[in-house]
Amino acid sequence: MLPTKHVLVSQIFQERLAEAMEVTRVARVTGLDRTGVEVACAVRPGSPGLGACSGPGLTFEHAALSALYETAVLWAAEHVPTSQLVWAARAELDPRSGEAWSAEALGSAGRLVEPRLWGDSVRCAWRQATELHSRRNVWVPAQGVHCPPAGAVALGPVSVMWTRNGTGADPDAQRALLQALLEATKRDQLARALPDGWTEEAMRRRMLGPVVLGRAAPRTEALARILKKRGFGVYLFDATPTSRTPGAVGLPVAAAVLVDEEDGPVPLTVGYACALGRDQALLRALLEAACARLSALQGTPQPLSSAERGAVRGLARVCASVRPKRQADTMPDFAAEEASPVRSVRRVMNHLRSAGFTQVAALTLDAPVSGLHVRRVVVPGMRISELS
């Protein structure tokens, strides 16, 4: 969750945010790898779940904010405001207070994994949300929004696999909403563009050539040049579904593959991103690929088996052998609207409606401190790719 370049957050705010979430330190782990990409790690020893969140950035300040915002998303999901819950069966909810969406409709917020535990007569906890197209109230199952720790409030029979997908945090409420929308869109569009994962055909069809990269995505090209000098193979891909693909939203979706040409303990990582501007999408994907290396190295990765290393080397060989058929300037680009969060949200919402996503619910989650906004979106019909 990369903070935007338009947001400057004071050191005092960062310290207050870290203290509220019981983050004991925000470590600069950049030096653990040779990419040179700044990566910060927010350590939260008392967390009931993930005890550390990492974030990349072009500067350490941005990396630290990214790690803290990732932590805030998890903190908000863990903390359930019981005063905002309604316990009822779906059939019992008063339709005058809003339509009740079933667990099958959670879409971007998690899939139904135990159908036998869900039904219109099953009592569970509900949270009210706002449907953004119509501005009407709707009810969504709380287990698609929250993941309370063991021993905390129960939300009903666990029938949904919770995911942090579709959540954003930022000091600006509209930017938090934008992040949530782009995160959900990324996961859905990847599932449509790469339904079988990284096949050789997909790599050959989607790899971007270097010819116009400096003009179409100058910040990405600058970082790629640095990484290549440090001994990495950098391969960029347009993961935007074609206009003929059902559910294609039409926003730029990027993927970046980072290959360690020195054949180290983390031989290959991949990053993904969706943004309004193609340069921003490609840059974020490349930063995420670099961050994935640090996350693996911090975790003291187990040596790859011979079969796994063979598969990774095969993927790297395909990357090196592909003659790109696409150029970056063919990707969609709405960078002109990135400066205005209100216009950006409007642009994304219009694209979602045109793609057939006619219902988008948004909730405001409790934030660790005042001055930070955490937003969650639920988009029925969206898929969740396993790639990111």
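Author: Two strands count as paired when DSSP finds at least two bridges between them. Strands (E, at least two residues) and helices (H or I, at least four) are DSSP runs, numbered from the N terminus. The model is predicted, so local features need pLDDT of at least 70 and side-chain atom pairs pLDDT 80 or more, while totals for chains, interfaces and linings use all residues. Residues are numbered from 1 along each chain as its sequence is written, and side-chain values use heavy atoms, without hydrogens and water.

Reader: In β13, which residue is the bridge partner of Ala362?
Author: β12 (residues 361–365) and β13 (residues 373–378) pair in the antiparallel sense over five bridges. The β13 partner of Ala362 is Val377.

Reader: Which residue has Ala361 of β12 as its bridge partner?
Author: β12 also pairs with strand β6 (residues 123–131), antiparallel and over two bridges. In this pairing, Ala361 is the partner of Glu131.

Reader: How many of the five residues of β12 are buried?
Author: Buried means under 20% relative accessible area, exposed over 50%, and partly exposed in between, with a 1.4 Å probe and protein chains only. Strand β12 is mostly covered, and its count of buried residues is four.

Reader: Which strands stand at the edges of the open sheet of three strands?
Author: The order in this sheet is β1-β2-β3, with antiparallel pairing. Two of its strands have a single partner each, so one side of each is left without a neighbour in the sheet: β1 (25–28) and β3 (52–57).

Reader: By how many degrees are neighbouring strands of this sheet turned against each other on average?
Author: Axes are lines fitted to C-alpha atoms, for helices over the stretch in contact, and angles between N-to-C directions run from 0 to 180 degrees. For neighbouring strands here, direction ignored, the average is 25 degrees.

Reader: Which residue in β2 stands opposite Ala27?
Author: β1 and β2 (residues 38–43) run antiparallel and are joined by four bridges. Opposite Ala27 stands Cys41.

Reader: How far is the backbone oxygen of Ala67 from a polar atom of the side chain of Thr71?
Author: Thr71 is found in helix α2 and is buried, with a relative accessible area of 1%. Not counting residues up to four places away in sequence, Thr71 touches Met21, Val23, Ala42, Arg44 and Cys53. The distance from the Ala67 backbone oxygen to the Thr71 side chain is 2.9 Å.

Reader: What separation is there between the C-alpha atoms of Leu65 and Asp170?
Author: Leu65 is placed in helix α2 and counts as buried at 3% relative accessibility. Asp170 is 105 residues away from Leu65 along the chain, and the C-alpha separation is 9.4 Å.

Reader: At roughly what angle do the axes of α6 and α7 cross?
Author: The axes of α6 (residues 218–229) and α7 come within 7 Å, and their crossing angle is roughly 25 degrees.

Reader: What separates the centres of domain 1 and domain 2?
Author: The domain assignment, of an automatic or database kind, gives domain 1 (86–163) and domain 2 (195–330). Taken over C-alpha atoms, the separation of their centres is 36 Å.

Key:
A polar contact is a pair of N or O atoms within 3.5 Å; within protein, one must be able to donate a hydrogen and the other to accept it, and residues adjacent in sequence count only if both atoms are side-chain atoms. Contact means heavy atoms within 4.5 Å.
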